[in-house]
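Welcome, and thanks for taking a look at this one. Below is a short briefing to read alongside the sequence and the structure, grouped by topic.

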Amino acid sequence: MAADSTRLDRDSTGPEKAGPETAGAEDLARLFALQKQHYLAEPDPSAETRLARLDALLRVIDMGEARLIDAINADFGNRARQETLIAEIVMMISGIRHTKRHLKSWMRPRGVATPLHMLPARSQLAPQPLGVVGVIAPWNYPAQLALMPAAAALAAGNRVILKPSELTPQTSETMRDLIAKEFDPSVFAVVTGGVELGEAFAATRFDHLVFTGSTAIGRKIAMAAARNLTPVMLELGGKSPAIIDEGADMAAAAQAIAYGKAVNAGQTCIAPDYVLTPHARLDETVRALAEAARRLFPEIDTTPDYTSIISDRHFARLKRLVAEARAAGAEIIEVGSSNALDAQRKLPFTIVVNPPRNVELMREEIFGPVLPVLSVEDRAAAIDLVNEGERPLALYWFGADIAARDDVLRRTVSGGVCVNDTLWQFAQENLPFGGVGESGIGAYHGIAGFERFSHLKPIFIQSRLSSGKMLQPPYTARTDQIIKLVRKII
C-alpha cells in the first residue's frame with residue numbers, strides 16, 4: 001500500500017516519514033513521546049485495530065519481498081534467494097498468520113479458580129498492552145528478527161520503535177521505507193543509526209525492550225535498561241551442542257547437523273556450535289559430516305547457495321579461530337577451497353577434530369561455518385561437558401534410545417531442544433523461543449509473544465454476598481471461630 005492516505009492510524013500532526021536517514025537521540029525522544037501520547041489516548045486497541053495492523057505488516061512483507069531479498073543479498077555480499085525466503089519471509093508470514101488466527105481468543109480475560117473460602121467472588125487475568133516497545137534487531141536475520149518481535153508487540157496492542165542493525169544498512173533502509181508507507185509513526189516506526197543511537201535507545205524508558213544479539217552486548221543493554229527499571233527480553237546465543245548417541249543413525253544425524261550449521265553460513269544463534277560423539281564413532285562422525293556438507297553444496301566454491309560472511313571483520317575473526325585451533329594441533333577438514341572462496345568472503349565448511357578446550361573456538365560462540373567435533377567416553381561425559389559451560393540457547397540430541405534422550409534432557413538446561421534434527425524448534429509457533437541464563441531472558445513466538453508484551457492484570461471481583469466483613473475489626477470470639485474454619489478449608 002503506497003498512498004499515504006491509506007496508512008494505518010494516520011496522525012495529521014505527525015511527520016510524514018519515520019525519521020531522517022540517521023536518527024539521533026533527539027529524534028528518538030520525539031518519536032517516543034509521540035507514541036507514548038497516542039498510547040495514552042488509546043491504551044487498549046480493539047481486536048479489529050490490532051488485526052488491521054498485522055495485515056499492514058503482512059503487506060510490508062508481501063509487497064516488499066523482492067526488495068527485502070535483494071537488500072539482504074547486498075548486505076551479506078551473497079545470500080541465496082531461497083534461503084531468505086525460507087528463513088525470513090516464510091517464517092514471518094507463518095508467525096503473523098498464526099497470531100491472527102488466535103488473537104481474539106488470546107485477548108479475552110481468562111477466568112482463574114477462586115478458593116472456596118472466597119466464593120462467590122470471581123477471579124480473572126485480563127491481558128493489557130504495556131505501551132511502547134523498543135526492538136533492537138541483529139544483522140544475521142535482519143528482517144525476521146526485527147519484524148517477528150514487532151508483530152508480537154503489535155498484536156498485544158502496543159506501539160513499536162525498531163532499531164535495525166547498522167551492519168545491514170540496505171535492509172534497514174528498505175524496512176524503514178516499507179514500514180513508513182504502511183504505518184503512521186505513532187504506531188510503528190524505524191530509526192537507523194550506529195552506536196550512539198543504540199546507547200540512547202537502550203536508555204529510553206520503554207515499557208519493554210527487546211534485544212537480539214551477543215551476550216556481551218546484551219549485558220550492556222540490560223544494565224542501561226535497569227536504570228529505568230525497563231523490563232527486557234534478551235535473545236542471545238551461546239555454544240549450542242549437538243549430542244550424538246551411541247545408537248544414532250549417523251547419516252541422518254550428520255545431514256541434520258551439517259544443514260543446521262550451513263544455513264546462513266552458520267551465522268545463526270541456534271546453529272549447532274559443536275558436536276559430541278562417542279569415541280568409537282569419531283571417524284565415522286567426521287566422515288559423515290564432510291559427506292553431508294558436500295551433498296548440500298556439491299559446487300561449494302562457485303554456488304550462490306552458500307552464504308557469505310557478513311563483514312571483513314567477522315571473516316577475519318573466523319579465520320583466526322581456525323588458525324589457532326590448527327596451531328594447537330587440531331585436525332582441520334575443509335569442504336571447499338579457501339583460494340576460491342576468500343574473494344567471495346566465504347569460508348569453507350570447516351570441521352575441527354578434537355580441538356583443545358582452551359582455544360578460543362571452544363570458549364566463544366562461533367557464528368560461522370566452523371564445526372568442532374569432540375569425542376567423549378559416554379553419555380555422562382557429554383552431559384558433564386555441556387554443564388561445564390553456560391546454558392545454551394539450543395540443544396540437539398540424536399539417537400533412538402528414549403531413556404538416554406530423557407536422561408540428557410533432564411540433566412541439562414537449555415533454551416530449547418530439537419530431537420533428531422536441528423533448528424526446527426524455532427519454527428514451531430506453539431513453542432516459545434528464548435534462552436536461559438547467559439543465552440537469554442524471556443521468550444516469544446505464538447501466545448508466548450502475546451503474553452510477553454502484555455500485562456496479565458489480576459482482577460478480583462467481590463460478590464455482594466462476601467463474608468470478608470466478618471474478618472474485620474472489632475475482633476471477637478466469633479472472629480477466632482471463623483479463622484479456625486478458614487484454616488480447615490484452605
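Which side chain does K239 join in a polar contact of 2.3 Å? It is that of D273. Please keep in mind that this is a predicted model.

- K239 sits in the loop that runs between β7 (232-235) and β8 (241-244).
- With a relative accessibility of 15%, K239 is classed as buried, because the cut-off for buried is under 20%.
- Besides the contact with D273, a polar atom of the K239 side chain lies 2.9 Å from the backbone oxygen of L361.
- T277 belongs to strand β9 (residues 274-278), and its relative accessible area of 0% makes T277 buried.
- The side chain of T277 makes a polar contact of 2.8 Å with the side chain of T285.

**Salt bridges**

- You will find 27 salt bridges in the structure.
- One of them pairs E88 with R79, with 2.3 Å between the closest N and O atoms; both E88 and R79 are buried.
- Another joins the side chains of R176 and E173 at 2.9 Å, N to O. Both residues are in helix α6 (residues 169-182), three residues apart, or about one turn of the helix.
- Within that pair, R176 is buried at 9% relative accessibility, while E173 is partly exposed at 34%.
- E438 and R219 also meet through their side chains in a salt bridge, at 2.8 Å from N to O. This pair links distant parts of the chain, 219 residues apart: E438 is in the loop between β15 (433-434) and β16 (440-441), and R219 is in helix α8.
- A network of salt bridges links R379, D407, R410 and R411.

**Backbone geometry**

- The peptide bond from L119 to P120 is cis, and its omega is near 5 degrees. P120 is placed in the loop between β1 and β2.
- P473 and P474 are also joined by a cis peptide bond, with omega about 0 degrees. P474 lies in the loop between β18 (454-461) and α17 (477-489).
- L229 has a positive phi, near 55 degrees, although the residue is not glycine. L229 is in the loop between α8 (215-226) and β7, and at 75% relative accessibility L229 is exposed.
- L423 has a positive phi as well, near 75 degrees. The residue is in the loop between β14 (416-419) and α15 (424-427), and L423 counts as buried at 14% relative accessibility.

**Surface patches**

- L116, L119, L485, I489 and I490 make up a nonpolar surface patch of about 500 Å².
- L119, whose peptide bond to P120 is cis, is in the loop between β1 (110-112) and β2 (122-129). L119 is partly exposed, with a relative accessible area of 43%.
- E246, E377, D378 and D384 come together in a patch of negative charge on the surface.
- Of these, D384 is located in helix α13 (residues 379-388) and is partly exposed, at 44% relative accessibility.

Definitions and conventions
Residues numbered from 1 in each chain as written. Predicted model: local features only at pLDDT ≥ 70, side-chain atom pairs only at ≥ 80, totals over all residues. Heavy atoms only, no water. Patch = residues over 30% accessible without salt bridge, like charges linked within 9 Å, V, L, I, M, F, W, Y side chains within 5 Å. Areas by Shrake-Rupley, 256 points an atom, 1.4 Å probe, with all protein chains shown as cover. Salt bridge = Lys/Arg side-chain N within 4 Å of Asp/Glu carboxyl O. Lys, Arg positive; Asp, Glu negative; His and termini not counted. Charge placed at Lys NZ, Arg CZ, Asp CG, Glu CD. Helix = DSSP H or I, 4+ residues; strand = E, 2+ residues; numbered from the N terminus. Buried < 20%, exposed > 50% of the residue type's maximum accessible area, 1.4 Å probe, protein only. Polar contact = N/O pair within 3.5 Å; in protein donor to acceptor, adjacent residues only side chain to side chain.
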